[in-house]
Amino acid sequence: MSTITVINHSTVELKVRVTAAGSDSGAGGSENWFSLKANGGTDSWGSRKQPQIVYYVKSENAGSVVYSVYGVPGQTVHIY
């Protein structure tokens, strides 16, 4: 298993979630939302051996836009 690392380079705190779909489903990796501090906040999602979708929001208000990017195990997703 590998990890998908996410770094928040933006100036606002983000809420981030990484899926655990396909054969990663039930392998122990969390799909919960986590906070990433602004200006370099970093976290890693383990138990991923397949590419997954990284979701993030810039606000926790109802109707906020949910962004998505492609996450690859062993690589880092940079959010600006």
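This is a predicted model: local features need pLDDT of at least 70, side-chain atom pairs count only at pLDDT 80 or more; totals for chains, interfaces and linings use all residues.

Q: What surrounds Thr 42, leaving aside its neighbours within four places in sequence?

A: Contact means heavy atoms within 4.5 Å. By that test, Thr 42 is in contact with Thr 5, Val 6, Ile 7 and Leu 36. A polar contact is a pair of N or O atoms within 3.5 Å; within protein, one must be able to donate a hydrogen and the other to accept it, and residues adjacent in sequence count only if both atoms are side-chain atoms. Here the side chain of Thr 42 reaches the backbone oxygen of Gly 40 at 3.0 Å.

Q: Why does Thr 42 count as partly exposed?

A: Buried means under 20% relative accessible area, exposed means over 50%, and partly exposed lies in between (1.4 Å probe, protein chains only). Thr 42 has a relative accessible area of 46%, so it is partly exposed.

Q: Which sheet contains S4, and in what order do its strands come?

A: Strands pair if DSSP finds at least two bridges between them. S4 belongs to an open sheet of three strands, ordered S4-S1-S7, with mixed pairing. Its edge strands are S4 and S7 (76-79), each pairing on one side only. S1 (residues 2-8) and S7 pair in the parallel sense over four bridges, and Val 6 stands opposite Val 77 in S7.

Q: What is the strand order in the open sheet of four strands?

A: That order is S3-S2-S5-S6, and the pairing is antiparallel. S3 (34-36) and S6 (66-71) are the edge strands. Walking across, three bridges join S2 (residues 14-18) to S3, with Val 16 partnered by Phe 34. Four bridges then join S2 to S5 (residues 52-57), where Val 18 has Val 54 as its partner. Finally, S5 and S6 pair over six bridges, and Gln 52 is partnered by Gly 71.

Q: How many salt bridges does a search of the whole structure find?

A: A salt bridge is a side-chain nitrogen of Lys or Arg within 4 Å of a carboxyl oxygen of Asp or Glu. The search finds one. It joins the side chains of Arg 17 and Glu 31 at 2.6 Å, N to O. Arg 17 lies in S2 and Glu 31 in the loop between S2 and S3, so the pair ties together parts 14 residues apart in sequence.

Q: Is Asp 24 buried or exposed, and what is its nearest side chain of opposite charge?

A: For charge, Lys and Arg count as positive and Asp and Glu as negative, while His and the chain ends are not counted. Asp 24 is buried yet has no salt bridge, and the nearest side chain of opposite charge, Arg 48, is 5.1 Å away. Asp 24 sits in the loop between S2 and S3. A polar atom of its side chain lies 3.1 Å from the backbone nitrogen of Lys 49.

Q: What is phi of Asn 39 near?

A: Most residues other than glycine have a negative phi. Asn 39, however, has a positive phi near 60°. Asn 39 lies in the loop between S3 and S4 (41-48), and at 59% relative accessibility it counts as exposed. Ser 47 also has a positive phi, near 55°. The place of Ser 47 is in S4, and at 21% relative accessibility Ser 47 counts as partly exposed.

Note on methods. Residues are numbered from 1 along each chain as its sequence is written. Side-chain values use heavy atoms; hydrogens and water are left out. Helices (H or I, at least four residues) and strands (E, at least two) are DSSP runs, numbered from the N terminus.
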